[in-house]
Structures are given as C-alpha cells and as structure tokens.
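Subject: Structure handover

Hello,

Here is the structure I promised to pass on. Please open it beside this email and follow along.

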Amino acid sequence: MKHITHMALTLSLAAHLNMVMAHPDAAVKTAPEQAQTQAIVHVLKKQFDKPQSPLTVTPVAVEGDWAVAGWLQDVRGGRALLNKRHGQWVIVVCGGDGLRQASTLAQTGMKAAEAQALAMKLQAAESRLPAETLRKFASFEGMLRVDGGAHGAHGTHPKH
C-alpha cells in the first residue's frame, strides 16, 4: 500500500511539473490572478484569434488595473497593454519592447510606481521565455493605440 501511495504522489508531482513547464506563470499565481489572466487572454483572443492563424498569449503581467501580455501569431509577435475599465479588461496599446519600459508605461496614464512594478513583473515573467519568443515580441515596430475598441487585427501592422 505504501508503494502505491508513493507512486500516486510521484505521478501527481510529475503532472504538476509538466503543467508548470508548459505554463510557467500558472504555478505562482493565486486563483484571482489566474482568473484575471484568463480574462485578459480571452479579450485578446476574442479580438485577434483566427482559425487559420491562432493567437498565443503568454506571459501576462498584472499590476492593479493594468496588464501587459505577450502575444504570438504566425511569425509575428508583440505585446499588448490592457487597462481594466468598469470591471472589464480593454486593449489600450499594442507595441514591442517599449512596453517593457516603465517610462513608456507611465506615458499611458498609469502612475509611475505602477509602471515600475508592472515593468518588473513583466521582465520577471519574460525571463523564462526562449530568446526566439522575445525576438518576436520585439519585432512589433512602434506603438498602435487601440483604446479598448480595436478597429483592426494584429495582422494590420507592417509585416516583418
């Protein structure tokens, strides 16, 4: 019986480790943080996901009513800045590496302390990503203001 219990525990730990490796953010987030992350992913996928061109969203860093999410679609990538308004996450800006910088984030209207905290959280989350993913995030040139009611898809920015 002891052997079966040990084997079950080992399998359970292995399953958890596989989940952590596939979704590194999931292991450290609380249930409310996971719910926010899921809501943010939903907003981005609803706006930009296409059957022939699925959108991948990871990682998501949240600070108060602000979040930055990395996204990949086909050979492109970038980051989206979101703001929680009236209880709903909305996309404010899409960009590249600029959205990693507290100074850029502060220009969007968030407080300097929030911008600094969000930039630090994003950098920590992205530190676990492959270099190729970070290159795709950086490939988004400039900033595209969306303001919560996107009028186009990520595919509308210049191809790289």
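The expected span of a helix is 1.5 Å times one less than its number of residues. Keep that rule at hand for the two helices below. Please also keep in mind that this is a predicted model.

**Helix α2**

Start with α2, which runs over residues 31–48. It has 18 residues, so at 1.5 Å a residue it should span 26 Å. Its end C-alpha atoms are 26 Å apart, which agrees.

Which residues of α2 are buried? They are T37, I40, V41, L44 and F48. Look down the axis of α2: these buried residues fall within an arc of 100°, so they line one face of the helix. The other side of α2 has exposed residues: A31, P32, Q38, H42 and K46.

**Helix α4**

Now do the same for α4, residues 112–126. With 15 residues, this helix should span 21 Å. The distance between its end C-alpha atoms is 21 Å, so the two agree.

Here the buried residues are A115, L118, A119, L122, A125 and E126. Seen down the axis of α4, they fall within an arc of 130°, so they too line one face of their helix. On the other side of α4, A113 and M120 are exposed.

What covers the buried residues of α4? The cover includes three strands: β1 (55–63), β2 (66–73) and β3 (76–85). It also includes the helices α3 (102–106) and α5 (131–138).

**The cores**

In soluble globular proteins, nonpolar side chains tend to be buried together. Here is how that looks in this model. The largest nonpolar core has 18 residues. Among its members, I40, L44, L82 and I91 touch the most others. The elements that give this core two or more residues are α2, β1, β2, β3 and β4. There is also a second, separate core of 14 residues, which includes A61, V93, A102 and A115.

Next, find A67 in strand β2. Is A67 buried or exposed? Its relative accessibility is 0%, so A67 counts as buried. Setting aside neighbours within four places in sequence, A67 is in contact with I40, A61, V62, A80, L81, L82, W89 and L118. K121 is 54 residues from A67 in sequence, yet their C-alpha atoms are 9.7 Å apart in space.

**Salt bridges**

Side chains of opposite charge can pair when their charged atoms come close. The count for this structure is five salt bridges. Three of them are described here.

K121 pairs with E63, and their closest N and O atoms are 2.8 Å apart. This pair links distant parts of the chain: K121 is in helix α4 and E63 in strand β1, 58 residues apart. K121 is partly exposed, with a relative accessible area of 38%.

R79 forms a salt bridge with E126, again with the closest N and O atoms 2.8 Å apart. R79 lies in strand β3 and E126 in helix α4, so the pair ties together parts that are 47 residues apart in sequence. Both R79 and E126 are buried.

E126 also forms a salt bridge with R100, where the closest N and O atoms are 3.2 Å apart. R100 sits in the loop between β4 and α3, 26 residues from E126. How buried is each partner? E126 has a relative accessible area of 1%, under the 20% cut-off, so E126 is buried. R100 has 24%, so R100 is partly exposed. Salt bridges that share partners join R79, D97, R100 and E126 into one network.

**The aromatic pair**

A search of the whole structure finds one aromatic pair. Its rings belong to W71 and F140. The ring centres are 6.1 Å apart and the planes are at 85°, so the pair is edge-to-face. W71 is in strand β2, while F140 is in the loop between α5 and β5 (143–145). The two are 69 residues apart, so this is a link between distant parts of the chain. Both W71 and F140 are buried.

Best wishes

Key
Residues numbered from 1 in each chain as written. Predicted model: local features only at pLDDT ≥ 70, side-chain atom pairs only at ≥ 80, totals over all residues. Heavy atoms only, no water. Helix = DSSP H or I, 4+ residues; strand = E, 2+ residues; numbered from the N terminus. Buried < 20%, exposed > 50% of the residue type's maximum accessible area, 1.4 Å probe, protein only. Arc of directions from axis to C-beta. Contact = heavy atoms within 4.5 Å. Phe/Tyr/Trp six-rings, centres within 6.5 Å; stacked < 30°, edge-to-face > 60°. Salt bridge = Lys/Arg side-chain N within 4 Å of Asp/Glu carboxyl O. Core = buried A, V, L, I, M, F, W, Y, C linked by side-chain atoms within 4.5 Å.
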